[in-house]
Amino acid sequence: MHKLTELPAWRDLQSHYAEVKELQMRDLFAQDDRRFDNFSATACGILLDYSKNRIVQRTMDLLISLAQARNIATEANRMYSGEHINATEDRSVLHTALRMPRGDRLEIDGVNVVDAVHEVAAQSAQFTDKIRSGEWRGFTGKPIRHIVNIGIGGSDLGPLMVCEALKPWQQRELQMHFVSNVDGTHLAEVLAAVDVESTLFIIASKTFTTLETLANAHTARNWFLDSQATEKDIASHFVAVSTNKEAVSEFGIDTRNMFRFWDWVGGRYSLWSSIGLSIRLAIGNQNFDAMLNGAHEMDRHFIETDYRSNLPVIMGLLGVWYGNFFNARTCVVAPYDQYLHRFPAYLQQLDMESNGKSVAMDGSSVEYSTGAVLWGEPGTNGQHAFFQLIHQGTDLIPADFIVPAVSQNPIGGHHKMLLANCIAQTEALMKGKTLEEARSELAASGQSPAAIDAIAPHKVFSGNRPSNTLLLEELTPETLGSLIALYEHKVFVQGKIWGINSFDQWGVELGKQLASTVLQELETGDIGSHDNSTTGLLRYCSGFLD
């Protein structure tokens, strides 16, 4: 692969940036009454308006040339066909296969993985029907009323986000709980809210060796057995999502209630697999299938659509434009829908764990910025928290606004107010407010000349702050599936532009390795050789521990 910074397309973008960096979006809109039409695209129930970006048509032409130079379409086909694009772990990357329809074929090592996916899906669906219908009973004969998902990372963030996002489709008498943090408080608070006779625990761990997950799982097991339950009753109240049959059986879980998945399912891409069992239980099989269908439609859009109308390609390229040319190191995601309140947290793992890399595929150090810091909260809460920084701060912070045109809860005039706030924020970020406009407003309000001179500079907004608006027709299982897949593919596009592996996560490992050593030292009191800060912290903590 050619070095990114030596590509003609990259050098052309550098020259172009120097030409357009001072352009004002206000002026661009004034000069082109079709700017919205020229810089918007629709797919899978999602309208992407990217007209409020610091771009002209030449910008998009050059960015698309960069995508072509990096062979994005070819690389996507390599992923879809099962090639081992996760080179550092010698694995395929096939989360897209998890949403392929029954009857499709994708052979890996002589096995049609689509058949295997649907076999596990059928097992999950059958189990889901038993729980939701009340056929499955606890050890005292009570139906299950509480589901506790114990996992971490992709085994928690995705399922939790989706269950929150699709609450209108939930069977409300079935209450969902999620435990991820090894902090005992997280589990203790959940156990205090559930009934031992009607609770089902899902232990979600691919290898069944994840320390945090197993610590929580064993504590939940002990809590269960401290009631009148016995070892044989574990089979009625614990199931596993894992690949380690031996460890699952040793825990006491009936392996007939183990739901498998594959090493080509990365954790942050796993909600579509049996890791999404909690989602199935919450919203039912039909709605889960609709979510899969929405994701598959976005997969098809990504693989089949010309770059100029391709939502993931456009969003990925715009992220490169700001991160590598405007030096924007963070971006904000602001969902204007309370059901999506966990969506930014989910995207943090999807994006930053994928593209937070400083080593290229060939092992060399990269010479440019890769993944941005992603953050956000739902609107309108964010407006009263961090939007001040976006509007008048010193850093350029691109923003994604996500809002449904139709509300699931059309109460009074709330949704019109929500839409008004969302759209107005994008306009305010783009337009800003000049000093003359600020002075005129103050004069119109009756302020004295001295007050105008003193206050007006503080009311100036530079504007020219970029944003995308993703307008959903309605937040449904299908459009949510499409939205998640859109961001998955956006991350893929950026990783391929930067020439990094978006599908490993070695940066997570070092802390885990050191934690094992430190834990042993805290348990034994025998502190080994560390830097004096670590040694000092361990000695201090040891004074409070048994």
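This briefing covers the pockets and nonpolar cores of the structure above. The model is predicted: local features need pLDDT of at least 70 and side-chain atom pairs pLDDT 80 or more, while totals for chains, interfaces and linings use all residues. Residues are numbered from 1 along each chain as its sequence is written, and side-chain values use heavy atoms, with hydrogens and water left out.

**Pockets**

- The largest pocket has a volume of about 1,200 Å³ (a pocket is an open set of points on a 1 Å grid over the protein atoms alone, where a 1.4 Å probe fits, with protein on both sides within 12 Å along at least five of seven lines; lining residues have an atom within 4 Å of a point; a volume is the space filled by probe spheres set on the points, which are joined across faces, edges and corners).
- Its lining has 47 residues, and Ile-152, Thr-210, Val-508, Glu-509 and Lys-512 lie nearest the centre.
- The second largest pocket holds about 440 Å³ of space.
- Of its 19 lining residues, Asp-337, Gln-338, Ser-407, His-414 and Leu-418 are the closest to its centre.

**Nonpolar cores**

- The largest nonpolar core has 119 residues, of which Phe-343 and Leu-480 touch the most other members (a core is a set of buried Ala, Val, Leu, Ile, Met, Phe, Trp, Tyr and Cys residues joined through side-chain atoms within 4.5 Å; buried means under 20% relative accessible area with a 1.4 Å probe, protein chains only).
- Another core, of 24 residues, lies apart from it and includes Phe-201, Ala-217, Ala-229 and Phe-251.

Notes: Buried < 20%, exposed > 50% of the residue type's maximum accessible area, 1.4 Å probe, protein only.
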